[in-house]
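Thanks for coming. I will take a few minutes to walk through one structure, and you can follow along on the screen.

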Amino acid sequence: MRLSLPLLLLLGAWAIPGGLGDRAPLTATAPQLDDEEMYSAHMPAHLRCDACRAVAYQMWQNLAKAETKLRTPNSGGRRELSESVYTDVLDQSCSRNWQDYGVREVDQVKRLTGPGLSEGPEPSISVMVTGGPWPTRLSRTCLHYLGEFGEDQIYEAHQQGQGALESLLCGGPQGACSEKVSATREEL
């Protein structure tokens, strides 16, 4: 009987003490979404802070990318975008494909996850539910912030740094990530 090398290595890992065969199996289940999380047209209240942070991250990334395109080797430092350019960039940020975002459950807490949202060590294994209502909800959340603060104020905050943009959109007494909102979220 002749076995290929990869198959021999696989069999060897299971037979060797301390190999892969001695480890506990990893298991993960998809988060159990309630009716609001599955069917509501709006972002559920307990995920609004994560959604706000995702929107702030995408706005900041897209504006920074547009500014990078303006730089030339002789231009020196940062160059400002014209009003028409940053307005277009922010509008495109809201209409972008939000498919990289979804919900996963970590330590029995459902969290929105995707680019710009990692906090602390990642779990060794988890299941993320993407697609469905999440891209539309994130796009609507983004448009809400554009309407609430306006492109000029958002771009001014962007120029102060990523933290300033996130503070503008998500902070403050009524912001999605404020202590008052977080306390209300925990009571639910």
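**Disulfides, a helix, a core and a sheet**

C177 is partly exposed, with a relative accessible area of 22%. The scale here is that buried means under 20% relative accessible area, exposed means over 50%, and partly exposed is in between, using a 1.4 Å probe and protein chains only.

Before going further, a note on what we are looking at. This is a predicted model, in which local features need pLDDT of at least 70 and side-chain atom pairs count only at pLDDT 80 or more, while totals for chains, interfaces and linings use all residues. Residues are numbered from 1 along each chain as its sequence is written, and side-chain values use heavy atoms, with hydrogens and water left out.

Back to C177. Which residue does C177 join through a disulfide? The partner is C49, with an S to S distance of 1.9 Å. A disulfide here is a pair of cysteine sulfur atoms within 2.5 Å. C49 sits in helix α3 and C177 in the loop between α6 and α7 (179-187), so this pair ties together parts that are 128 residues apart in sequence. C49 is buried, at a relative accessible area of 15%. The torsion about the S-S bond of C49 and C177 is about 105°, so the disulfide is right-handed.

How many disulfides does the structure hold? It holds 3. Another joins C52 to C170, with S to S at 2.0 Å. C52 is in helix α3 and C170 in helix α6, so that pair ties together parts 118 residues apart in sequence. With -100° about the S-S bond, the link of C52 and C170 is left-handed. C52 is buried at 0% relative accessible area, and C170 is buried at 2%.

There is also the disulfide of C94 and C142, with sulfur atoms 2.0 Å apart. It links distant parts of the chain: C94 in helix α4 and C142 in helix α5, 48 residues apart. The torsion about the S-S bond of C94 and C142 is about -75°, so this disulfide is left-handed. C94 counts as buried at 1% relative accessibility, and C142 is buried with a relative accessible area of 1%. Counting bonded cysteines along the chain, the pattern is 1-6, 2-5, 3-4.

Next, helix α6. Which residues of α6 are buried? They are L165, L168, L169 and C170. Seen down the axis of α6, these buried residues fall within an arc of 165°, so they line one face of the helix. The arc is that of the directions from the helix axis to the C-beta atoms. As background, an α-helix has 3.6 residues a turn, so residues three or four places apart point the same way. What covers the buried residues of α6 includes α3 and α5. After α6 comes G172, whose phi is positive, near 80°.

Take L165 as an example. L165 is in helix α6, residues 162-170, and is buried, with a relative accessible area of 0%. Leaving aside residues up to four places away in sequence, L165 touches A56, M59, W60, I154, A157 and H158. Contact means heavy atoms within 4.5 Å. I154, by the same exclusion, touches M59, L90, Y145, L146, F149, L165, L168 and L169.

That brings us to the core. The largest nonpolar core has 34 residues, and those with the most contacts inside it are M59, L112, L138, I154 and L169. Such a core is a set of buried Ala, Val, Leu, Ile, Met, Phe, Trp, Tyr and Cys residues joined through side-chain atoms within 4.5 Å. Helices α3 (48-70), α4 (83-95), α5 (134-160) and α6 each supply at least two residues of this core. The largest share, 9 residues, comes from α5.

Last, the sheet. An open sheet of 3 strands has the order β2-β1-β3, with antiparallel pairing. β2 (109-113) and β3 (128-130) stand at the edges, each with a single partner strand, so one side of each is left without a neighbour in the sheet. Two strands pair if DSSP finds at least two bridges between them. Strand β1, residues 102-106, pairs with β2 over 5 bridges, and the bridge partner of G102 in β2 is T113.

Methods
Helices (H or I, at least four residues) and strands (E, at least two) are DSSP runs, numbered from the N terminus.
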